[in-house]
Amino acid sequence: MSLDKEKIKHVAKLARISVDDAKVESLTKDLNSIFKFIEQLNELNTDKVEPLTSILNQSLRSRKDEISDGKIREKVLKNSPKENEEFFVVPKVVE
Amino acid sequence: MADITNQSLNEIIENIKTKKVSSTDLTKAYIKNIESAKKLNAFVTTTFDQALDKAKQFDNKPNFNQLLPGIPLAVKDLFCTENTKTTAGSNILNNFIPSYESTVTKNLWNNGSFLLGKLNCDEFAMGSSNETSHYGNVINPVGDQLVPGGSSGGSSSALAADLTPATIGTDTGGSIRQPASFTGTVGLKPTYGLCSRWGIVAFASSLDQAGPMTKTIKDCAIMLESMSGFDEKDSTSINKKKEQYSKNLKDNIKGLKIGIPKEYRVDNMPKEVDELWEKGKKILKDLGAQLIDISLPHTKYALPTYYIVAPAEASSNLARYDGVRYGYRSKQGKDLIEMYEKTRSEGFGDEVKRRILIGTYVLSSGYYDAYYLKAQKVRQLIKKDFDDSFTKIDAILTPSTPSSAFKIGEKTNDPVSMYLNDIFTVPVNLAGLPALSMPAGVDKQGYPLGLQLIGKALDEQKILNIGYAFEKNCGFKNEIKKWWS
């Protein structure tokens with residue numbers, strides 16, 4: 001199968017990355033060559049193979065559902081690009 | 001005293017313990033080297049003042065019973081360091097100052113070392129040549145215009161150029177072992193779960209592992225011992241007793257069974273790589289190891305599998321960079337969605353965007369089974385190949401890379417040719433196994449080449465021992481002229 005420019009624009013939209021029309025051309029070429037490489041996997045019959053979901057021989061641990069930290073609002077907000085005291089600020093969403 | 005910075009970490013530690021050098025003088029010697037090595041562009045950030053303070057503190061009240069007493073260390077800029085900028089080689093994190101310390105670096109500092117600076121790397125560790133970093137190419141000290149490998153390219157370059165006595169990198173598909181091979185140094189990717197992933201900027205969570213990069217095998221054992229260990233904050237951390245890798249290092253490998261996989265002889269592989277592999281086999285055989293031919297039939301499918309699994313996980317992990325809570329935010333964008341789209345477009349470089357798009361596509365509705373599920377099934381087959389082989393052998397010997405270091409710009413126009421660099425390293429990540437790259441020789445241009453030892457899960461000690469015996473008998477010496485200073 002091959003990826004056309006429209007498909008790539010759609011995927012870019014899903015990934016929330018704006019892509020210039022000028023760049024779509026080279027992206028299409030690169031991604032198609034990568035997918036050609038990836039599709040070697042179709043040579044293999046995997047009908048009877050279980051997918052590998054964890055590489056570890058242990059199951060994930062569970063822990064008590066309790067608060068282990070907190071009261072670090074200042075630290076959490078420290079790196080925000082636009083700060084307004086106690087909140088993260090984004091462009092206006094609701095009129 | 002002769003130049004202390006070209007000694008091994010182990011020798012430096014001995015010199016500190018016997019008070020032949022102070023931590024302050026040691027730190028000053030590295031700072032001097034770093035300042036005269038700007039051409040290599042190995043550092044994104046330096047923390048000299050802080051390092052000198054820590055060195056002074058150590059000298060005033062030394063504790064020689066630690067694994068890394070008074071040792072300054074530079075680390076890959078993928079490890080979050082408290083109050084020190086952490087970029088992951090990306091523009092989107094150009095202003096990110098973590099308020100926490102990664103577990104692995106915290107372990108290093110708890111063993112007596114301190115931070116010297118943050119080392120350049122491919123953006124979000126996605127690359128094999130350090131050419132995708134927002135902070136510029138890193139130069140391999142082996143030769144001007146040569147790449148240092150990637151993604152831990154700043155780490156390999158700084159180590160080989162004596163800008164840090166040892167360092168740490170991360171390895172998702174070869175990012176420790178390939179740069180180690182390109183610079184004539186030692187690099188170890190531990191078993192998945194041995195070193196905590198907490199506080200490391202995530203790329204592909206089921207593959208990422210931190211590990212040491214050092215000048216010698218002994219140094220590698222010291223660093224692994226210092227950085228590894230169970231961590232509650234990483235849900236995939238293995239809870240087991242801590243090992244004393246350096247104390248238990250032995251060079252007797254008599255009777256060990258070494259597997260030689262036929263699938264690692266690939267088309268167009270330079271003759272020198274093959275010859276080096278032969279040399280490695282002979283050294284191990286002469287030391288009393290037994291060579292056994294094995295087959296890992298799904299090896300050729302490892303890279304295509306990786307280029308589904310890794311981008312899929314990356315696209316999810318990198319969804320967090322939205323310009324809202326931290327990192328870069330675009331000045332453009334009228335509404336929220338447009339702000340996200342512009343931020344991510346301006347913040348990420350081309351290779352990262354490519355991989356996010358691949359990952360988004362293979363996980364998108366209607367394509368999941370054909371790509372992601374298929375890849376997980378093939379990953380199972382790749383793991384089974386190793387499991388089957390390890391019932392009859394102790395370790396596997398292969399080349400680390402299909403070639404030596406290449407020139408800057410040589411492979412940037414063809415992503416697939418760049419990906420092929422990791423052909424021998426990627427299968428190990430998919431199977432979660434430990435693997436060591438050790439320097440073994442040079443090609444006809446004089447550029448270093450490495451051999452890889454793959455072990456069973458949690459069998460780090462054994463591959464370190466084999467590497468230790470190999471190192472003593474290989475006669476490799478890294479001859480790097482300091483042309484940059």
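Buried means under 20% relative accessible area, exposed over 50%, and partly exposed in between. These classes apply to the views below, which show a predicted model.

**View 1. A salt bridge joins chain A to chain B.** A:Glu43 forms a salt bridge with B:Lys300, with the closest N and O atoms 3.3 Å apart. A:Glu43 sits in the loop between α2 (21-38) and α3 (73-77) of chain A, and B:Lys300 sits in the loop between β8 and α9 (302-317) of chain B, so the pair joins two chains. A:Glu43 has 51% relative accessibility and therefore counts as exposed. B:Lys300, at 46%, is partly exposed.

View 2. The side chains of B:Arg197 and B:Asp234 meet in a salt bridge, 3.2 Å from N to O. The two residues are 37 residues apart. B:Arg197 belongs to the loop between β5 and β6 of chain B, whereas B:Asp234 belongs to the loop between α7 and β7 (257-261) of chain B. B:Asp234 is buried, with a relative accessible area of 3%. B:Arg197 has 19% relative accessibility. The cut-off for buried is under 20%, so B:Arg197 counts as buried too.

View 3. A salt bridge connects the side chains of B:Arg265 and B:Asp274, at 3.1 Å from N to O. B:Arg265 is partly exposed at 42% relative accessible area. B:Asp274 is also partly exposed, at 24%. Elsewhere, salt bridges that share partners join A:Asp30, B:Glu351, B:Arg354 and B:Arg355 into one network. Over all chains, the count comes to 27 salt bridges.

**View 4. Eight strands of chain B form an open, mixed sheet.** The strand order is β4-β6-β5-β10-β11-β9-β7-β8. Strands β4 (167-171) and β8 (290-294) of chain B stand at the edges. Each has a single partner strand, so one side of each is left without a neighbour in the sheet. From one strand to the next, the twist averages 30°.

**View 5. Strands β5 and β10 of chain B pair in the antiparallel sense**. Three bridges hold the pairing of β5 (residues 186-189) with β10 (residues 435-442). B:Leu188 stands opposite B:Leu436 in β10 of chain B.

Key: Residues numbered from 1 in each chain as written. Chains lettered and ligands numbered in written order. Predicted model: local features only at pLDDT ≥ 70, side-chain atom pairs only at ≥ 80, totals over all residues. Heavy atoms only, no water. Pairing = 2+ DSSP bridges. Helix = DSSP H or I, 4+ residues; strand = E, 2+ residues; numbered from the N terminus. Axes fitted to C-alpha atoms, helices over the stretch in contact; angles between N-to-C directions. Salt bridge = Lys/Arg side-chain N within 4 Å of Asp/Glu carboxyl O. Buried < 20%, exposed > 50% of the residue type's maximum accessible area, 1.4 Å probe, protein only.
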